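Here's a quick briefing for anyone opening this structure for the first time. Take a look at it, then read on.

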Amino acid sequence: MALAPRLELRQGQALVMTPQLQQAIKLLQLSNLELAEFVEQELERNPLLEATTAEPDVAERTADMREVESDFEPAPVSETALTLSDDGPLPARDGDLDTDYDNVYADESRSDAANDVAADAPGPQGSDWQNLKTGSGGSGDGEFSLEATLTREATLGEHLTEQLNMAIKDDRRRMIGAYLIDQVNEAGYITTDLSEIADRIGAPLDEVEGVLKTLQTFDPAGICARNLKECLAIQLRERDRLDPTMQVFLDHLELFARRDFELLMKLCGADREDIAGMVEDIRGCNPKPGLAFGGEPAAPVIPDVFVRQRADGSWAIELNSETLPRVLVNQQYYAEVSKFSADPKAKAYLSECLNTANWLVKSLDQRARTILKVASEIVRQQDAFLIYGIQHLRPLNLKTVADAISMHESTVSRVTANKYIATPRGIFEMKYFFTSSIASSEGGEAHSAEAVRHRIRDLIEAELPDAVLSDDNIVDILKRAGIDIARRTVAKYREAMNIPSSVQRRRDKKAYA
């Protein structure tokens with residue numbers, strides 16, 4: 001067969017991922033915080049997009065009644081330039097400062113000499129007040145800014161440095177202390193070897209150790225320790241509880257971790273009551289004292305969907321309007337600029353911005369409707385859980401929800417990622433309701449894995465010290481309750497919940513009995 005070039009015409013179908021489609025898919029899996037950041041970036045990039053802060057009526061908070069507007073009616077905006085003049089009176093800006101400038105500077109005269117004094121003062125000058133109003137940075141030299149007046153929680157290093165400046169006056173020792181503070185990790189420990197630190201800074205080892213002893217007296221107690229034993233010893237010494245018996249106990253912390261109290265009693269020469277007292281003292285210590293400083297505050301979870309029960313027993317599902325960005329397309333601005341613009345590139349740019357803005361508005365609306373549709377189906381599937389609790393949580397997978405709402409599984413997966421739903425039983429991540437199934441030993445309806453884990457936890461919490469349940473015992477109890485489960489599955493669920501084995505639990509219960 002001879003090889004020769006030829007032309008062929010073929011017809012086929014293919015899915016093309018356009019940039020707009022990729023953006024719509026991306027918006028589905030963003031959390032409310034990530035979505036707000038994305039919309040803010042689009043507002044800065046697209047001149048035709050504008051944000052609105054208008055709150056919808058309570059009756060219009062549900063997504064099926066909420067419409068994303070695309071028309072924009074510009075409101076008249078009046079802006080008065082703020083200038084400092086030597087001749088005329090200062091313009092009153094009661095809306096900005098809740099008073100006029102004469103009250104702010106009551107002691108300043110309007111003479112040239114007084115203006116010269118004010119110019120040399122460290123406070124904000126005229127341009128600074130303008131920058132404050134417009135939201136820009138400080139003055140031209142960057143010495144004054146609104147951000148500089150904000151407060152924040154002191155970090156661990158700042159807290160220790162403040163104590164160092166008061167405790168040590170010698171410059172040499174203070175520099176050693178500052179270097180040691182730099183080596184403290186977020187938990188409050190110094191993990192670098194002291195001899196290595198001494199070589200780096202060129203100081204004698206005994207001097208470095210002396211400065212470290214001073215740092216270990218700082219607040220919080222146990223700071224700048226080199227290991228857990230030293231951290232606990234510092235805290236116990238401060239409480240006057242570090243006697244020779246306690247020191248022996250600290251020397252054998254691994255036995256305490258294994259709950260081998262019999263050997264601890266022999267080594268410490270103490271009875272069970274004394275060992276129990278030392279255990280309580282150690283439990284009162286903080287193994288990571290540095291975590292109390294400089295940590296980021298935990299952000300509260302903001303639900304994307306609210307679920308509440310109506311008087312007739314049905315469920316009302318609505319979107320959280322506070323998490324939905326409200327953006328408008330300024331069609332009037334587009335029409336005016338396009339009318340007077342003769343540059344083809346400018347017109348092409350405006351057309352692209354308009355298409356992007358319209359697509360973003362449409363994508364946000366579609367995202368809201370999709371979230372509401374998925375949440376409604378989850379509530380319908382897990383109705384028993386909302387009424388009776390976790391024991392009635394049903395096994396559920398993405399395919400079941402996707403088939404019910406005529407969507408693809410990947411779409412449901414993206415919608416449930418990083419989304420939270422507020423129910424009468426608390427706030428849950430949407431993925432919490434999707435659990436694997438465990439077959440029933442009686443041939444009935446399957447059980448949810450999360451419900452089985454909850455039952456295992458309840459069984460272990462209710463066990464008596466003289467009747468600790470092994471994994472085999474738990475399997476027998478669950479099978480009698482109609483749950484067909486293997487022993488290795490029980491062990492896997494127990495370990496995932498950080499529950500020790502039956503041998504360890506029996507030892508713990510006897511030690512604290």
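## A first look around

Glutamine 235 has its place in helix α11, residues 228-238; helices (H or I, at least four residues) and strands (E, at least two) are DSSP runs, numbered from the N terminus. This is a predicted model, where local features need pLDDT of at least 70, side-chain atom pairs count only at pLDDT 80 or more, and totals for chains, interfaces and linings use all residues. Residues are numbered from 1 along each chain as its sequence is written, and side-chain values use heavy atoms, leaving out hydrogens and water.

**Glutamine 235**
- With 4% relative accessibility, glutamine 235 counts as buried (under 20% relative accessible area; exposed is over 50%, partly exposed in between; 1.4 Å probe, protein chains only).
- Its side chain reaches the backbone oxygen of asparagine 286 at 2.7 Å.

**Strands β2 and β3**
- β2 (residues 305-309) pairs with β3 in the antiparallel sense over five bridges; pairing takes at least two DSSP bridges between two strands.
- Valine 307 sits opposite isoleucine 317 in β3.
- Five of the five residues of β3 (residues 315-319) are buried, so this strand is largely enclosed by the rest of the structure.
- Trp315, Ile317 and Leu319 point one way from β3, while Ala316 and Glu318 point the other way.

Notes. A polar contact is a pair of N or O atoms within 3.5 Å; within protein, one must be able to donate a hydrogen and the other to accept it, and residues adjacent in sequence count only if both atoms are side-chain atoms.
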